[in-house]
Protein chains: 2
Amino acid sequence: MSVIYDRVALIGLGLIAGSMALAMREKGLAGQVHGYARSAETRDVAREIGLCDAIHNDVSVAVKDADLVVLAVPVGAMGDVAAEIAPHLKPGAVVTDVGSVKQSVIDAVAPHLPEGIHFIPGHPLAGTEHSGPRAGFASLFRNRWWLLTPLPDADEAQVARLEDLVRGIGANVERMDPGHHDLVLAVTSHTPHLIAYTMVGVADHLRRVTDEEVIKYSAAGFRDFTRIAASDPTMWRDVFLHNREATLDILGRFTEELFVLQRAIRMGDGQQLHDYFTRTRAIRRGIIEAGQDTDAPDFGRGKG
Amino acid sequence: MSVIYDRVALIGLGLIAGSMALAMREKGLAGQVHGYARSAETRDVAREIGLCDAIHNDVSVAVKDADLVVLAVPVGAMGDVAAEIAPHLKPGAVVTDVGSVKQSVIDAVAPHLPEGIHFIPGHPLAGTEHSGPRAGFASLFRNRWWLLTPLPDADEAQVARLEDLVRGIGANVERMDPGHHDLVLAVTSHTPHLIAYTMVGVADHLRRVTDEEVIKYSAAGFRDFTRIAASDPTMWRDVFLHNREATLDILGRFTEELFVLQRAIRMGDGQQLHDYFTRTRAIRRGIIEAGQDTDAPDFGRGKG
């Protein structure tokens, strides 16, 4: 592949930015990759492992002359970073972010950016339970979704160019309205993550069952999921605080529904449970049969 | 491997029994495998695909002369099946089951079995979202746990022999007290399954997010998990009705804990969220580092 941006600046050097650096360099998609992190320790690690072509101590130097600036900091820090870099951006540069919430990032970032800067918010649906610059690996985004939520007045050529980069590092791109993104993610990721955190906490409180037993015997899929509950606490704190309305909406519906099933169990109402499970089975199967569940687990059959 | 039981009878011919038949025949662990299912359609399918050496229309004929009888029916049906087969069992035969709940199966089955029959309850932690005789595959149990909950007066030689069979078809065996089994499974499987069913139901009610979006963008692990929510409704109804106390206990703790986090989100209490996520991270990491999380997912790194 050929170079898509001559110079890329990564602001924040955690799992996502680290993986982007490795992937862009492996595929030759960026002329130069520059990096900045607030923490001196992170910068030292990034230098030690040679993550970027240059690591800067000053964010204004990091973004200087960059054709693409990637904001890869917790959602709650996006606004401050945008304010800091705004005066130093190259005219015509593209700014994107990798935050898990989109509307609040847009509200925090967009007002700071000068005329002529192309802000194209984004969210790669990829991650592991590890964080920091050492956690990155070039194949993190392979076959993962990378959602872009361009604003209504976005420059189509610039959006297409960013999509080329994202596809170049192996991801599948979709465009989405920011508000819809936040609702979809509240359902598919944010609320499930809160549930996973909660299950890990409950199991730990229980005492009568050991932590080891919890992991050893956890149902397929759910164990992988609790693993994600070891993710960066700051990132997830910010996700919940910044996607508050949608998360509370989904949580409310979820507990309401769960209480109905809990009551059916208490009352011994087998018919209600059977009906509910039959309905969810039909929903889930419909989706499987429609071929939408492409990234299929194989339950150990080893098709892969 | 050599024959462990000359004649095995499988009562119920769903995913688990079907997989056992295929695995035992592949490994030569059983001289003959006989099968019975209540439904004529299931028997016809089992005959058509040649699942067993013989499929019987009469359960009393199926268990005749069997050295091992495997009860592979929903938990709620175990007692009736035990009553039906009891007069026809070969003296000294081993009877096991594959139910997901152990204490209630013991209470339902044990009183029916005559003196001299070795009842050794069991539970393979394996499954897919598919059911019926066509769903079976020989490698289903490979590297999965198979828990045995022998009664205090169990014959050690017979338990060891059943363990040989279970290991022979690829599973890892552990012994557990039945009550403890039911609590551990309430935490690691039953409550999480109820949560997965509930999340699929909530997403479907939502309307503003399509079912396709829910699956497409579901977080790693969680998607696999909702897939399991397409499992057999009768099996899961019986699990909840027969592990009622433990499931309600865990559900109560779970919703209590979830409400604490929900309130922190509503109040914007970032510190509380951060503290909670830091604690669960430490728990989860401790388990990973202790090497207990052996059947590790690879997040697409393709180590496997």
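Start by selecting Glu156(A) and Arg175(A): they form a salt bridge, with their closest N and O atoms 2.9 Å apart. (A salt bridge here is a side-chain nitrogen of Lys or Arg within 4 Å of a carboxyl oxygen of Asp or Glu.) Now colour the elements around them. Glu156(A) sits in helix 6 (residues 156–168) of chain A and Arg175(A) in strand 9 (residues 172–175) of chain A, so this pair ties together parts that are 19 residues apart in sequence. Side chains of opposite charge can pair when their charged atoms come close.

A quick note on what you're looking at: this is a predicted model, where local features need pLDDT of at least 70, side-chain atom pairs count only at pLDDT 80 or more, and totals for chains, interfaces and linings use all residues. Residues are numbered from 1 along each chain as its sequence is written, chains are lettered from A and ligands numbered from 1 in the order in which they are written, and side-chain values use heavy atoms, leaving out hydrogens and water.

Next, show chain A by itself. You'll find twelve helices and nine strands; these are DSSP runs numbered from the N terminus, with helices (H or I) of at least four residues and strands (E) of at least two. Along its principal axes, the C-alpha trace of chain A spans about 65 × 40 × 40 Å.

Bring chain B back. What rotation superposes chain B on chain A? One of 180°, with 0.0 Å of shift along its axis and an RMSD of 0.0 Å.

Now select the interface. In contact, meaning heavy atoms within 4.5 Å, are 106 residues of chain B and 105 residues of chain A. Together the chains bury about 10200 Å², 69% of it on carbon and sulfur atoms. (Buried area is the accessible area, with a 1.4 Å probe, that two parts lose on being put together, summed over both.)

Where do charges pair across the chains? Pick Lys216(A) and Glu174(B), a salt bridge whose closest N and O atoms are 3.4 Å apart. The count between chain B and chain A is two salt bridges.

Last stop: the side of chain B that touches chain A. Elements giving two or more residues to it include strand 8 (145–148), helix 7 (178–206) and helix 12 (270–289) of chain B. Highlight helix 7 of chain B, which supplies the largest share, 21 residues.

Notes
Least-squares fit on C-alpha atoms with pLDDT ≥ 70 in both.
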